[in-house]
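Visitor: Hi, could you walk me through this one? I'd like to know what I'm looking at.

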Amino acid sequence: MGFDFHQPDSVAGAIALAQRYGEAARFIAGGTDLIIQINRKRLAPQHLVSLSGLGLDGIRETPHEITIGAMTTHNEVVFHPGFRKQLVALAEASAVVGGRQIRHVATVGGNIVNASPAADVVPALLVLDAIVDLQGSEQARSLPLDRFLLDRGRTERQHDEILTAVRFARPPAASATAFLKAGRRKAMEISVVCVAAHLGGREDGEGFSKVRIAVGAAAPRTFRASAAEALIAERGDDGASFAEAGRLAAEAALPIGDVRASARYRRLLVAALVERALATCRDRMRGAAV
Ligand SMILES: Cc1cc2nc3c(=O)[nH]c(=O)nc-3n(C[C@H](O)[C@H](O)[C@H](O)COP(=O)(O)OP(=O)(O)OC[C@H]3O[C@@H](n4cnc5c(N)ncnc54)[C@H](O)[C@@H]3O)c2cc1C
């Protein structure tokens with residue numbers, strides 16, 4: 001096994017290399033997914049095109065929108081002061097990716113493009129209705145993250161397109177997010193199931209104006225639990241609705257059974273984590289209001 005390592009000095013240069021070498025080339029960010037796949041002989045690229053030093057890192061905030069550069073590391077997300085309060089689910093998700101060393105080099109862009117159903121940051125981004133920005137040789141384009149993800153390991157990205165950033169609207173003050181992960185241990189553990197939720201409050205204080213629920217590691221791709229969302233949008237928190245939403249999300253799941261957990265256990269986890277994530281959002285909204 002061997003490959004040439006390319007360090008272009010611009011995004012255009014990186015795209016040109018991907019075009020020149022075609023399927024023999026791969027972009028590399030932190031390398032924490034890619035190098036493992038190469039070591040396991042699932043991939044054998046002859047050219048690795050580095051995305052470091054191309055200005056794709058950093059978190060930018062405006063009053064209305066937040067943009068996370070693709071090369072932003074999980075550690076940067078964890079320690080970003082803007083990812084508290086309404087956006088804490090992002091920090092909660094990045095905080096449980098691998099261990100400290102992994103989080104120091106692994107990137108948000110790599111987590112998205114790798115398209116693992118167990119990618120922890122993806123559900124937290126899905127509940128924020130995140131948009132991904134892509135740069136190709138011909139054009140730049142943007143599309144909802146929910147449309148970008150196709151299947152396990154498959155996305156809408158063309159071979160020579162770079163995911164440059166992911167962005168989302170700043171949620172209003174009267175809203176809350178939560179991310180919960182179940183694994184067999186607390187660190188260095190791929191999710192057995194992970195769930196993110198986002199609730200937005202109504203101005204009159206009754207019910208929720210926004211309900212988003214996303215589930216990871218329980219289907220071939222991370223998915224929005226839309227029936228569960230619709231139920232909460234209609235009934236709000238009536239004492240039984242969060243548990244009912246959990247059951248609906250579990251019904252929508254298509255989990256596998258593997259060495260980490262049986263399919264049945266994963267479904268039970270989806271139900272429990274969705275109920276708990278919704279309750280956490282509700283409690284956080286109440287806490288912010290007092
Ligand atoms: C020990 C260990 C533990 C882990 N634990 C977790 C965990 O708990 N949770 C979790 O979600 N993940 C985990 N991972 C997986 C991995 O760390 C994350 O998915 C990470 O975010 C991947 O980012 P990266 O920068 O390393 O991607 P890379 O490995 O560099 O790239 C991944 C894929 O995306 C492509 N790519 C990367 N960036 C771009 C871009 N900007 N544009 C176009 N293509 C791009 C690459 O070509 C490659 O195909 C773990 C990995 C290891 C080794």
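Predicted model: local features only at pLDDT ≥ 70, side-chain atom pairs only at ≥ 80, totals over all residues.

Visitor: Okay, how many helices and strands does the protein have?

Guide: There are 11 helices and 14 strands. Those are DSSP runs, numbered from the N terminus: helices are H or I with at least four residues, strands are E with at least two.

Visitor: And what's its radius of gyration?

Guide: The radius of gyration is 19 Å, close to the 19 Å that the globule rule gives for 290 residues, so the protein is as compact as a globular protein of that length. The radius is taken over C-alpha atoms, and the rule is 2.2 Å times the number of residues to the power 0.38. Along the principal axes, the C-alpha trace spans about 60 × 45 × 30 Å.

Visitor: What domains does it have?

Guide: The domain assignment, which is an automatic or database one, gives domain 1 (4–50), domain 2 (59–169) and domain 3 (175–289). The centres of domain 1 and domain 3, taken over C-alpha atoms, are 36 Å apart.

Visitor: Switching to H1, which of its residues are buried?

Guide: In helix H1 (residues 11–21), those are Ala14, Ile15, Leu17 and Ala18. Buried means 20 or more other C-beta atoms within 10 Å of the residue's own, exposed means 12 or fewer, and partly exposed is in between, with C-beta atoms placed from the backbone.

Visitor: Where on the helix do the buried residues sit?

Guide: Down the axis of H1, they fall within an arc of 155 degrees, so they line one face of the helix. The arc is that of the directions from the helix axis to the C-beta atoms.

Visitor: What covers the buried residues of H1?

Guide: The cover includes strands S1 (4–6), S2 (25–28), S3 (47–50), S6 (131–135) and S10 (162–169). After H1 comes Gly22, with a positive phi near 55 degrees.

Visitor: Now the ligand. Which residues come nearest?

Guide: Ala29, Gly30, Gly98, Gly110 and Asn111 do, out of 30 residues around the ligand.

Visitor: What about Lys41 and Ala217: buried or exposed?

Guide: Lys41 is exposed, with 8 other C-beta atoms within 10 Å, whereas Ala217 counts as buried, with 28 C-beta neighbours inside 10 Å. Lys41 has a positive phi near 65 degrees without being a glycine, and Ala217, not a glycine either, has a positive phi of about 65 degrees. Lys41 is in the loop between H2 and S3; Ala217 is in the loop between strand S13 (208–216) and strand S14 (223–224).

Visitor: Last one: what is Val270 in contact with?

Guide: Leaving aside neighbours within four places in sequence, Val270 is in contact with Val193, Val195, Val215, Ala218, Ala249, Ala250 and Ala253. Contact means C-beta atoms, placed from the backbone, within 7 Å. Val270 is in helix H11 (residues 263–289), and it counts as buried with 31 C-beta neighbours inside 10 Å.

Conventions. Residues numbered from 1 in each chain as written. Contact = placed C-beta atoms within 7 Å. Near = placed C-beta within 6 Å.
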